[in-house]
Amino acid sequence: MRMQNKTAIVTGGAQGIGKAYSIGLAREGANVVIADLDEAKGRLLEESIRTSGGRALFVRTDVSKKEDTIALVQKAVDAFGAMGSPSVR
Ligand SMILES: NC(=O)c1ccc[n+]([C@@H]2O[C@H](COP(=O)([O-])OP(=O)(O)OC[C@H]3O[C@@H](n4cnc5c(N)ncnc54)[C@H](O)[C@@H]3O)[C@@H](O)[C@H]2O)c1
């Protein structure tokens, strides 16, 4: 549980390498924010991590769009608290 009380945003996190990171980080105790264009795969993975006892949030994101990335970070902070804040380390 090396990532307990940490939050990780995984871009492209619903499939492939990103999915492997999402699962691995959740297994290590992180709050995982799955940021991906693919809503169906992202929601499935969010559910699967939660069912396994992990903490995950899917946020549909196009990382090429600035407004999407700003909304992504806001949703991550809303769900899991301020990242990097000493209170959550
Ligand atoms: N698979 C490999 O062996 C390998 C090796 C070296 C580098 N890479 C690179 O690593 C990256 C990931 O590879 P992969 O095999 O996991 O790819 P993949 O196609 O399996 O997964 C990519 C994920 O990114 C998402 N995505 C694509 N565009 C997006 C966007 N604009 N915003 C948000 N999400 C977006 C897709 O929906 C998908 O879920 C790629 O850039 C690839 O070129 C892959």
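**Around the ligand**

Analyst: Helix α1, residues 16-27, is the top contributor to the shell around the ligand, giving three residues. Keep in mind that we're looking at a predicted model. The shell has 14 residues, and the ones that come nearest to the ligand are Gly12, Gln15, Gly16, Ile17 and Val63.

Let's zoom in on Gly12, which sits in the loop between β1 and α1. Gly12 has 18 C-beta neighbours inside 10 Å, so it counts as partly exposed; being buried would take 20 or more. Skipping neighbours within four places in sequence, Gly12 is in contact with Gly18 and Asp36.

Now for the packing. The largest nonpolar core has 20 residues, and Ala8, Ile9, Val10, Val32, Val33, Ile34 and Ala35 touch the most other members. At least two residues of this core come from each of β1 (7-11), α1, β2 (31-36), α2 (39-51), β3 (55-60) and α3 (66-80). Take Val10: beyond four places in sequence, its contacts are Gly18, Tyr21, Ser22, Leu25, Val32, Val33, Ile34 and Ala35.

Val32 also leads us to the strands, as its bridge partner in β3 is Ala56. β2 and β3 run parallel and are joined by six bridges. To get from β2 to β3 the chain passes through α2, making a right-handed β-α-β crossover.

Notes: Residues are numbered from 1 along each chain as its sequence is written. This is a predicted model: local features need pLDDT of at least 70, side-chain atom pairs count only at pLDDT 80 or more; totals for chains, interfaces and linings use all residues. A residue is near a molecule or strand if its C-beta atom, placed from the backbone, lies within 6 Å of it. Helices (H or I, at least four residues) and strands (E, at least two) are DSSP runs, numbered from the N terminus. A nonpolar core is a set of buried Ala, Val, Leu, Ile, Met, Phe, Trp, Tyr and Cys residues joined through C-beta atoms within 7 Å. A residue is buried if 20 or more other C-beta atoms lie within 10 Å of its own, exposed if 12 or fewer, and partly exposed in between; C-beta atoms are placed from the backbone. Two residues are in contact if their C-beta atoms, placed from the backbone, lie within 7 Å. Two strands pair if DSSP finds at least two bridges between them. A crossover is right-handed if, with the strands pointing away from the viewer, the path from the first strand over the helix to the second runs clockwise.
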